[in-house]
Amino acid sequence: MIVPGAGVANFDSSLPNPFETSKQRRQREVRSLMEKLQPETISLDPTSIGGIDKDPAERLKDIQLRKKEAERAQRAKSLQKKKTRGRNKIAKRLRRKQHNVVDEKSESIRKALQERKEQAKPKREEEKFVDPVLKRFEKKTD
């Protein structure tokens, strides 16, 4: 009688770890490649990979140029004008001028804004249909 999986497993002895995951395999490959490289050729700058080695003076100029460009970009970003969309509408101007004054006009504006918010808000009871299977994951409100 032959039963699948009941026999003695014969592992491939040429592999260091037959049960390694893909992440472990990648790490092993990278480690083996790094061991083959000369320590002087290992660089932390990813832009230098596949490029032609320049003399140190030119490399220094490139680094300085990159720093200047980064500083210019930072300066340009800090000088950008802040957008004030919707900040100068009449109702907002009136509210800024009159802090504690309550009159008919400001009340009507406040009520209109409140009504718009209520209309924009979805009806929770109508839209809230929960499958009975998923009901057990809902938060309980007492």
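Start by selecting Arg110, which is partly exposed at 46% relative accessibility.

**Stop 1: helix α4**

The side chains of Glu107 and Arg110 meet in a salt bridge, with N to O at 2.8 Å. Both residues belong to helix α4, which covers residues 104-120, and they sit three residues apart, about one turn of the helix. Glu107 is partly exposed too, with a relative accessible area of 28%. Side chains of opposite charge can pair when their charged atoms come close.

**Stop 2: the whole chain**

Zoom out and colour by secondary structure. The protein has five helices and zero strands. Read from the N terminus, the order is α-α-α-α-α. How much of the protein is buried? Of the 142 residues, buried ones make up 1%. The protein exposes about 15,200 Å², and carbon and sulfur atoms supply 54% of that area.

**Stop 3: confidence**

Colour by pLDDT next. The mean for the protein is 77, and 77% of the residues reach 70 or more. Where is confidence lowest, and where is it highest? Helix α5, residues 124-127, has the lowest confidence, at a mean of 53, while α1 has the highest, at 90. Where pLDDT is low, the predicted coordinates should not be read in detail.

**Stop 4**

The structure holds three salt bridges, including the one at the first stop between Arg110 and Glu107. For another, select Arg25 and Glu29. Their closest N and O atoms are 3.3 Å apart. The two residues are four residues apart in helix α1 (residues 22-36), so about one helical turn separates them. Glu29 is partly exposed at 36% relative accessibility, and Arg25 is partly exposed at 34%.

Then select Glu20 and Arg28. Their side chains form a salt bridge with an N to O distance of 2.8 Å. Glu20 counts as partly exposed at 22% relative accessibility. For Arg28 the relative accessible area is 33%, again partly exposed.

**Stop 5: a nonpolar patch**

Select Val30, Met34, Leu37 and Ile42, and show the surface. Together these residues form a nonpolar patch with about 340 Å² of accessible area. Which part of the chain holds Ile42? Ile42 lies in the loop between α1 and α2, the latter being residues 56-78. At 40% relative accessibility, Ile42 is partly exposed.

**Stop 6: a positive patch**

For the last stop, select Arg87, Lys89, Lys92, Arg93, Arg95, Arg96, Lys97, Arg116, Lys117 and Lys121. These residues gather on the surface in a patch of positive charge. Which helix gives the most to the positive patch? The answer is α3, with five residues. Helix α3 spans 90-97, and α3 and α4 each supply at least two residues of the patch.

Finish on Arg87, one of the residues in this positive patch. Arg87 lies in the loop between α2 and α3. Its relative accessible area is 46%, and Arg87 is therefore partly exposed.

Definitions and conventions. Residues numbered from 1 in each chain as written. Predicted model: local features only at pLDDT ≥ 70, side-chain atom pairs only at ≥ 80, totals over all residues. Heavy atoms only, no water. Buried < 20%, exposed > 50% of the residue type's maximum accessible area, 1.4 Å probe, protein only. Areas by Shrake-Rupley, 256 points an atom, 1.4 Å probe, with all protein chains shown as cover. Salt bridge = Lys/Arg side-chain N within 4 Å of Asp/Glu carboxyl O. Patch = residues over 30% accessible without salt bridge, like charges linked within 9 Å, V, L, I, M, F, W, Y side chains within 5 Å. pLDDT = per-residue confidence, 0-100. Lys, Arg positive; Asp, Glu negative; His and termini not counted. Charge placed at Lys NZ, Arg CZ, Asp CG, Glu CD.
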